[in-house]
Every structure is written in C-alpha cells, then in structure tokens.
Amino acid sequence: AQSVTQLDSQVPVFEEAPVELRCNYSSSVSVYLFWYVQYPNQGLQLLLKYLSGSTLVKGINGFEAEFNKSQTSFHLRKPSVHISDTAEYFCAVKGSSNTGKLIFGQGTTLQVKP
Amino acid sequence: EPEVTQTPSHQVTQMGQEVILRCVPISNHLYFYWYRQILGQKVEFLVSFYNNEISEKSEIFDDQFSVERPDGSNFTLKIRSTKLEDSAMYFCASSEGGQGFSPLHFGNGTRLTVT
C-alpha cells in the first residue's frame with residue numbers, strides 16, 4: 001500500500017521569495033508521483049508529474065519538483081512566488097495497479113503575502 | 001482543453017434523502033473516479049470504474065453508495081440515504097488509462113451539505 005505525507009499544513013511566504021513544499025511517500029512498489037493545486041472554490045488541477053526518467057520535473061506556473069528515491073521525497077519548489085500562487089497544494093502517489101487509484105497527502109496551504 | 005464537468009456545484013439535502021451527483025468525464029477517457037474531501041481533511045478515494053463496473057472501492061464506499069454510467073457521457077454517484085457525515089466536497093475524475101502513468105483530470109467538485 002502507498003501513503004503520502006506532507007509535512008507542512010501551512011506555508012506562509014512573502015511575494016517573490018522562493019518556496020519549497022515538502023512531500024514524502026512510502027511504497028513497496030514503483031510509484032508515479034503528482035502534485036495538484038486547488039485554487040479557492042475550484043477543483044484539482046494537475047501541476048506536474050513524475051513518471052520516469054529525469055528526476056527533476058517541470059510543471060505549469062513555474063513550479064518544479066525533484067524525485068529523490070533514496071529519501072522517498074518529491075518536494076515542490078518555485079524560485080519566486082506570486083500572490084496568485086496562494087492555494088492548497090496536494091502531493092499524490094499512484095502505484096502500479098491498474099485501477100488508477102490516486103492516494104493524496106493532507107495538503108499544504110501556501111499563503112503568499114505582499 | 002477538454003475538462004471534466006460536475007453538476008450541481010452545490011447541493012443541499014436533508015438527512016435520509018437520496019442524492020445524485022453528476023459528472024461528464026472527458027470524452028475519450030475510459031476510467032472514472034469519485035473522490036471526496038471533508039472540510040479540512042485530505043482528499044479520499046471512493047471508487048474507480050472501468051468497462052461499466054467498479055474496479056476498486058474504498059471502505060468508505062459502503063452499500064449507501066452506488067455509481068452508474070447511464071449513457072455514453074454521464075457518470076453518477078448516488079448516495080441512497082444521506083447522513084450528516086456525508087457532507088463534503090465530491091470530486092469526479094477521469095483518466096485515459098488505468099495505468100500508473102495516466103494522470104487523473106478532476107472536475108471542480110460538488111459541495112454536498114446534509115442538514
């Protein structure tokens with residue numbers, strides 16, 4: 001079985017500062033990793049995904065994440081945040097089963113202050 | 001870009017009533033899902049559906065819940081007799097394949113309030 005832990009429930013940061021949202025996973029099988037973003041009163045939007053290959057993946061809105069197998073982590077980063085990045089961010093994992101089930105972390109609220 | 005659409009955006013119902021949440025997945029997708037998010041909690045898997053049958057369901061998805069694809073486009077979640085604890089945001093999702101590398105595309109959700 002897979003599980004995901006997002007270590008920070010809230011991350012306050014000033015505009016134009018860098019940010020890292022942490023995500024650790026556990027799994028006994030190979031996994032695929034995802035970050036989703038949820039803006040206020042909206043659904044879940046795919047930010048980026050790691051399937052295989054390069055461990056550094058780039059997503060939309062200037063975000064990137066690095067897959068670290070030895071540390072079982074998939075932290076999300078952005079070098080300079082905007083007010084519009086204020087949202088809930090979810091890390092998620094899929095195993096190798098064919099049901100497509102996605103397991104989510106608890107979510108991290110990114111609060112960008114002016 | 002094609003998207004998953006859910007209706008209604010907000011549903012208020014009384015305890016014990018039946019409710020049907022509707023979703024139109026992306027047209028060429030074959031796998032469909034329902035997730036829910038109770039306020040302040042994580043997004044939880046309810047059920048996955050492929051080839052007109054449930055492929056996996058969670059412990060939450062008990063006999064009060066059912067899913068159906070009544071025609072070629074809609075995918076519905078029915079809660080037979082709602083309870084207060086069913087109040088949550090319900091998300092529908094679809095994916096092209098069921099393999100791990102096929103990402104899920106989510107709708108904007110239906111907020112269900114049971115009074």
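Guide: Gladly. Buried area is the accessible area, with a 1.4 Å probe, that two parts lose on being put together, summed over both. Please keep in mind that this is a predicted model.

Visitor: What is the area buried between chain B and chain A?

Guide: The two chains bury about 1800 Å² between them, and carbon and sulfur atoms give 57% of that area. In terms of contacts, 21 residues of chain B touch 23 residues of chain A.

Visitor: What makes E56(B) and K101(A) a salt bridge?

Guide: The rule asks for a side-chain nitrogen of Lys or Arg within 4 Å of a carboxyl oxygen of Asp or Glu. For E56(B) and K101(A) the N to O distance is 3.0 Å, so the pair meets the 4 Å limit.

Visitor: Which strands of chain B each supply at least two residues of the side that touches chain A?

Guide: They are β4 (31-37), β5 (43-50) and β6 (53-57). The largest share, four residues, comes from β4(B). By type, the residues on this side of chain B divide into ten nonpolar, nine polar and two charged.

Visitor: Why are K101(A) and E56(B) called partly exposed?

Guide: Buried means under 20% relative accessible area and exposed means over 50%, with partly exposed in between. K101(A) has 25%, so it is partly exposed. E56(B) has 22%, so it too falls in that class.

Visitor: How do you know that R36(B) is buried or exposed?

Guide: Its relative accessible area is 10%, and that is under 20%, so R36(B) is buried. R36(B) meets E44(B) in a salt bridge, at 3.2 Å from N to O. E44(B), at 22% relative accessibility, counts as partly exposed.

Visitor: What makes R77(A) and E20(A) a salt bridge, and which parts does the pair tie together?

Guide: Their side chains come to 2.8 Å, N to O, which is within 4 Å and therefore meets the rule. R77(A) lies in strand β9 (residues 73-78) of chain A and E20(A) in strand β3 (residues 19-21) of chain A, so the pair ties together parts that are 57 residues apart in sequence. R77(A), at 26% relative accessibility, is partly exposed, and E20(A), at 35%, is partly exposed as well. Both belong to a network of salt bridges that also includes E66(A). Over all chains the count comes to seven salt bridges.

Visitor: Why do side chains in a strand alternate between faces?

Guide: That is the pattern of a regular strand, where the side chains alternate between the two faces of the sheet.

Definitions and conventions
Residues numbered from 1 in each chain as written. Chains lettered and ligands numbered in written order. Predicted model: local features only at pLDDT ≥ 70, side-chain atom pairs only at ≥ 80, totals over all residues. Heavy atoms only, no water. Contact = heavy atoms within 4.5 Å. Nonpolar A, V, L, I, M, F, W, Y, C, P; charged D, E, K, R; others polar. Buried < 20%, exposed > 50% of the residue type's maximum accessible area, 1.4 Å probe, protein only.
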